[in-house]
Amino acid sequence: MRRRLPEMLLCFGLLLALGCARGEEQAGEAMEETPAATPMQMQLPDTTATAVWSYLRSVDYRANWQLWPGKGQLYTGRDPHGALLTTYANGAAHAAVTNKSGSMPAGAMIVKENFMPDSMLAAITVMYKVNGYD
């Protein structure tokens, strides 16, 4: 399983990149179908980068999600990630980790903010477990 993790992350990155190519219009249509709800109750987005990023902003993951268990903000990272990291998990992902479930349920989302040594944000990595994918 550990060996496949980089492949899964690469595939997700490719899905996000391909989603960008679909354009703002389609992603906007997907979000318009979401019924009005509080940020924590919103339907999960499709896998396009635009829809995922829009969702993350609308739920305000920094304010409403929990930090990765046992980690604070700007903890020391390792290659290939940033020098400093802050990792957020939605309720499904956080519960899976704290309960030692062994796998993430569909809908689990993790956001890793990758920072330079001077604490400047360099990248944001999103991991999103989608139903039907292992």
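A residue is called buried here when its relative accessible area is under 20%, exposed when that area is over 50%, and partly exposed in between (1.4 Å probe, protein chains only). Helices (H or I, at least four residues) and strands (E, at least two) are DSSP runs, numbered from the N terminus. The model is predicted, and local features need pLDDT of at least 70, side-chain atom pairs count only at pLDDT 80 or more, while totals for chains, interfaces and linings use all residues. Residues are numbered from 1 along each chain as its sequence is written, and side-chain values use heavy atoms, with hydrogens and water left out.

To begin with the overall picture, the protein contains 5 helices and 5 strands, arranged along the sequence as α-α-α-α-β-β-β-α-β-β. Of its 134 residues, 31% are buried. The exposed surface comes to about 8600 Å², and carbon and sulfur atoms supply 55% of it; these accessible areas come from the Shrake-Rupley method with a 1.4 Å probe, and for residues only the protein chains shown count as cover. Contact means heavy atoms within 4.5 Å. Among contacts between residues at least 6 apart in sequence, 45% join residues at least 24 apart.

In E4, 7 of the 7 residues are buried, so the strand is largely enclosed by the rest of the structure. In a regular strand the side chains alternate between the two faces of the sheet. In E4, Met 109, Val 111, Glu 113 and Phe 115 point one way, whereas Ile 110, Lys 112 and Asn 114 point the other way.

E3 and E4 are antiparallel and share 6 bridges, with Leu 85 having Asn 114 of E4 as its bridge partner. E4 and E5 also run antiparallel, joined by 7 bridges.

The side chain of Asn 114 makes a polar contact with the side chain of Thr 125, at 3.1 Å. A polar contact is a pair of N or O atoms within 3.5 Å; within protein, one must be able to donate a hydrogen and the other to accept it, and residues adjacent in sequence count only if both atoms are side-chain atoms. Not counting residues up to four places away in sequence, Asn 114 touches a set of residues including His 81, Leu 84, Met 120 and Ile 124.

The next topic is the nonpolar core, a set of buried Ala, Val, Leu, Ile, Met, Phe, Trp, Tyr and Cys residues joined through side-chain atoms within 4.5 Å. In soluble globular proteins, nonpolar side chains tend to be buried together. The largest such core in this model has 11 residues, among them Val 52, Trp 65, Tyr 88, Met 109 and Val 126. Helix H3 (49–59), E4 and strand E5 (121–128) each supply at least two residues of this core, and H3 gives the most, with 4 residues.

Helix H5 spans residues 91–98, and its residues Ala 93, His 94 and Ala 96 are buried. They lie on the same side of H5 because they cover an arc of only 160° around the axis, the arc being that of the directions from the helix axis to the C-beta atoms. The buried residues of H5 pack against strand E1 (66–67), strand E3 (84–89) and strand E4 (109–115). After H5 comes Lys 100, with a positive phi near 50°.

The loop between E3 and H5 holds Asn 90, which counts as buried at 8% relative accessibility. Leaving aside neighbours within four places in sequence, Asn 90 is in contact with Trp 65, Gly 107, Ala 108 and Met 109. By contrast, Ala 63 is exposed, with a relative accessible area of 55%. Ala 63 lies in helix H4 (residues 61–64). From Ala 63 to Tyr 88 the C-alpha to C-alpha distance is 9.7 Å, and the two are 25 residues apart in sequence.

Notes:
Pairing = 2+ DSSP bridges.
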